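Here are some friendly notes to read alongside the structure. Take the points in order, and keep the 3D view open as you go.

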Amino acid sequence: MNAKYMSDKIILTKFVNIFERRLRMKNKSKKTTNAIMWISMVTVALSFFLVQFHRNTPSVMRDELIDAFSMNATSFGLFSSMYFYPYMLAQIPVGMLLDSVGPRRTIGFCSALAAAGALIFGVSTSYPMACIGRVLIGAGVAAPVISTQKFLINWIGAGKTASYYGIFSFCGKLGGMFAQLPLAWLVAHLDWRAVFFITASISLFIAALCLFVVRDSEEETLSGKKVAEGTKQSFVDLISAMGHVFSNKYVWGMMGVMFIHQALYGLFSSTWAVPYLQDVFGMDKIQASAYTTCMLVGAMLFTLIIGPISDRIKKRKTVVAGVSIIMVIVWGLLAFSGEVLMRTNLLWGVMFLMGATSASVQIIFAYSREINNPKFVGIAVSSINMVGMLGNALSPTVFGALLEHYSVSYSGGDLYKMVFIPCIVLSVVSLILTLLSRETDCQNCYADITLESKKVHSVVYQHN
């Protein structure tokens, strides 16, 4: 009996030891996974920071660049635009790369490309060489905005992507802020070339982290293998996916909304806000910059709160429609009540709300993901982002042409009112397009959309 008791005790002891060892291994794996997740999050956030930083650097370095490369106003404007068009054209290829190899490799490859561009720009001795560097930077920073959607789905889950994307977007806006006064200080105390050597080093560091430390998901972290090999798509599948994305009527509607939202906010925030405040209200540059800073504060604050609101109420269409309504009100007030706003100090609030409208982007990204096949998040989001960048690139030029056209007959506040009226009309169009879209309730409804499309085709076929 004692022998049997001792045997049972030994077996029980071995069982307990095995259980404790596995529990310790599980806890260790959990700690490792959490550490990898946070390293991955910080790496992606840093890449977001560089997107906005590189976008805004030419304005601060204008005098240094003009002296270094003997630029005039036209060549400087062309140089600055060398960021936007490669960024826009790279969206579809980057989306295909994202759906084929995953987010970390996509960000890693593009970060290395951005590093090469920053290095070439830093050592450039001629205007064409500087433009080549700028082109590579624009293409290299095209990945983080769209790759983050798939990255968040893998790590956080589909239901909270808008909330967490807001944090990354906030980091991007911090990059835009750093490319103002802090960058001016760095240029004054170091040298503009040294700044780009530093950013090249940071981009290379991001690329190294993505390749050797960052993981696409918890599954990949635990197994050490490539995540979900079956979900990586072939080139033929990706070409077919583009057809499915562009045949979705809700994609086209939201592309229109994205174009309008980005175009209207971009033309005002990046180019025409300060001239408007100076021409209409007689402000100096410092006073006008204070109002544009208020606009940036609105953009940063709403970037953090609009995602959680959308995720909490489980609505995408409703939130985007709300932003479109704010746009109609803001542009209407600027067009017809500018003097009243200035006298009552309500202009501060209007500028704040103008900044808030920029936050619709993250909800539109989430919406585009939810109305498309989840296998092709990269292509779906990159298509929407490409259209937004097109609006951003074209709108300041079109706005300037309208100002020049109406300046023959109008001046001051009346001149800007004539140009703001088309902005009101476009805001109304964006509201109509949003209302015509379908609500996703923060869930993927691609299957329902496909079924709906088949029913329509069936009815048309029977009718014919």
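1. Let us begin with a definition: a helix axis here is a line fitted to the C-alpha atoms over the stretch in contact, and the angle between two axes runs from 0 to 180 degrees between their N-to-C directions. Please keep in mind that this is a predicted model.

2. Now try that on a pair of helices. The axes of helix 19 and helix 20 (residues 377-406) come within 9 Å, and they cross at roughly 140°. Angles over 145 degrees count as roughly antiparallel; helix 19 and helix 20 are therefore oblique to each other. The crossing of helix 19 with helix 20 is right-handed.

3. Which residues of helix 19 and helix 20 meet? From helix 19 come Ile-364, Phe-365, Ser-368 and Arg-369, and from helix 20 come Val-377, Ala-380, Val-381, Ile-384 and Asn-385. Sorted by class, the residues of this contact are 6 nonpolar, 2 polar and 1 charged.

4. Helix 19 (residues 360-370) also packs with helix 8 (residues 144-155), at an angle of about 60° and with the axes 11 Å apart. That angle makes helix 8 oblique to helix 19. Their crossing is right-handed. Val-145, Gln-149 and Ile-153 of helix 8 make the contact with Phe-365, Ala-366 and Arg-369 of helix 19. This contact holds 4 nonpolar, 1 polar and 1 charged residues. Look for Phe-365 and Arg-369 in the view: they take part in the contact with helix 8 and also in the one with helix 20.

5. Next, turn to helix 6 and helix 11. Their axes lie 8 Å apart, and the packing angle is about 160°. Helix 6 and helix 11 are therefore roughly antiparallel to each other. The crossing of this pair is left-handed.

6. How many cavities of 30 Å³ or more does a search of the whole structure find? The search finds 1. The volume of the largest cavity is about 70 Å³. Its lining is made by Ser-47, Leu-50, Cys-110, Ser-111, Ala-114, Gly-140, Val-141, Pro-144, Ser-203 and Ile-206.

7. Which elements give two or more residues to that lining? They are helix 1 (2-60), helix 6 (103-123) and helix 11 (192-212). Helix 6 gives the most, with 3 residues. The lining residues divide into 6 nonpolar, 4 polar and no charged.

Notes: Residues numbered from 1 in each chain as written. Predicted model: local features only at pLDDT ≥ 70, side-chain atom pairs only at ≥ 80, totals over all residues. Heavy atoms only, no water. 1 Å grid on protein atoms, 1.4 Å probe; cavity = no way out; pocket = protein on both sides within 12 Å on 5 of 7 lines; lining within 4 Å. Points joined across faces, edges and corners; volume = space filled by probe spheres on them. Helix = DSSP H or I, 4+ residues; strand = E, 2+ residues; numbered from the N terminus. Nonpolar A, V, L, I, M, F, W, Y, C, P; charged D, E, K, R; others polar. Parallel < 35°, antiparallel > 145°, perpendicular 65-115°, else oblique. Left-handed = near helix turned anticlockwise from the far one by under 90°. Contact = heavy atoms within 4.5 Å.
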